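Open the model in your viewer and keep the selection panel at hand. The stops below are given in the order to select them.

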Amino acid sequence: MTATLPARLLRLLSLLQGRREWSGAELADRLEVTGRTVRRDIDRLRELGYPVESTTGTAGGYRLASGKNLPPLLLDDDEAVAVAAGLLTAAGGSVTGIEESSIRALAKLEQVLPARLRSRVEAVSGATVPVVVRNGPQVEAQTLATIAAACRDREMLSFDYAKRGGARTSRRVEPHSLVAAVGLWYLIAFDPEQDDWRIFRVDRVTRPLATGRRFEPRDLPAESAAEYLRRSIADAAYRYTAQVTVHTPAETVLEHLHLLLPQRVAPIDDRSCTVQLSEETLAAITRHIIELADLDAELIIDAPAELRRQLDARIRQVLNALSHA
């Protein structure tokens, strides 16, 4: 269907799919046409089956609503490559129940993917190393979708949140970005009540709800959401902390342990390095040490006596279980 649309209608459809709501004046400005032309093009999209709704307000506006049937989705080349490559690696991800859905969606996308893009998809997916965290916390796909939409539409987001110790609180924030890192999903948001930026683990979020109240986006105190998250994780206090000296080059350790932040691995020389491990659970820090042991390199663990005793016992337990598997 989209192949027969004139270029201006394609551009209009792309704008409507990229944001929750547009005013007529904004669309006219982006398309460099009159408001009357925008209204005529909107009517044309409706005739083609796209559920474009008119919104009330001072200037009036438009939004692409959900309909009974899913209309054709317009993607440019880069977006199509990103979606296909993401679906190829989604089966090993940390989103609950997404494996089968990803395979079905990829099969449909490949049927319509232009030949010129297939090699790009293969190149991207071939160079992508999925981080599989089968034992890590997972999140519901609907939770991610709700939060992502609130970030996109600049809507206040309310949700219940479980803190580290298990205490639950109700939060109302200005969502900025969703970031996937070290096997987890994180929400970067500004908390008006605390008058400061906050990071929330999405697996601890329940009952997320976009309130419909809009906000003006604030400047993030970092170059990007990913950089802000990396910096915050590196500076955070954790329950368990240990340093491991590994007689293997730092580059090899980083290639082997994809979940480690690069700044936690420091080279000693070209044949050895130190690794800073900080986790909330004993199981998580033990898992990293065992992964380092898989490098067949000598390890020296530097940790408080009680933690060292716990780690030694836990490592022996895991290794014994593996030997009898």
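This is a predicted model. Begin by selecting A303, in the loop that runs between strand 14 and helix 11 (305-323). With a relative accessible area of 18%, A303 falls under the 20% cut-off and is therefore buried. Now show what surrounds A303: leaving out residues up to four places away in sequence, A303 touches T241, A242 and R308.

Next, select strand 11 (residues 240-246) together with strand 14. The two run antiparallel and are joined by four bridges. Within this pair, look for Q243, which stands opposite D302 of strand 14.

Move to helix 1 (residues 7-18). Its 12 residues reach 17 Å from the first C-alpha to the last, close to the 16 Å expected at 1.5 Å a residue. Colour the buried residues of helix 1, which are L9, L12, L13, L15, L16 and Q17. Then show what these buried residues pack against: strand 1 (22-23), helix 2 (24-31), helix 3 (35-47), strand 2 (52-55) and strand 3 (61-64).

Of these partners, keep helix 3 on screen with helix 1. Their axes are 10 Å apart and the packing angle is about 85°. That angle lies in the 65 to 115 degree range, so helix 1 and helix 3 are roughly perpendicular to each other. To see the contact, select R8, L9, L12, L13 and L16 on helix 1, and T37, D41, I42, R44 and L45 on helix 3. By type, the residues of this contact are six nonpolar, one polar and three charged.

The last stop is T146, in helix 7 (residues 141-153). Is T146 buried or exposed? T146 counts as buried, because its relative accessibility is 17%. Apart from neighbours within four places in sequence, the residues in contact with T146 are L157, P208, L209 and A210.

Methods. Residues are numbered from 1 along each chain as its sequence is written. This is a predicted model: local features need pLDDT of at least 70, side-chain atom pairs count only at pLDDT 80 or more; totals for chains, interfaces and linings use all residues. Side-chain values use heavy atoms; hydrogens and water are left out. Two strands pair if DSSP finds at least two bridges between them. Buried means under 20% relative accessible area, exposed over 50%, partly exposed in between (1.4 Å probe, protein chains only). Contact means heavy atoms within 4.5 Å. The expected span of a helix is 1.5 Å times one less than its number of residues. Axes are lines fitted to C-alpha atoms, for helices over the stretch in contact, and angles run from 0 to 180 degrees between N-to-C directions. Angles under 35 degrees count as roughly parallel, over 145 as roughly antiparallel, 65 to 115 as roughly perpendicular and the rest as oblique. Ala, Val, Leu, Ile, Met, Phe, Trp, Tyr, Cys and Pro count as nonpolar, Asp, Glu, Lys and Arg as charged, and the others, Gly among them, as polar.
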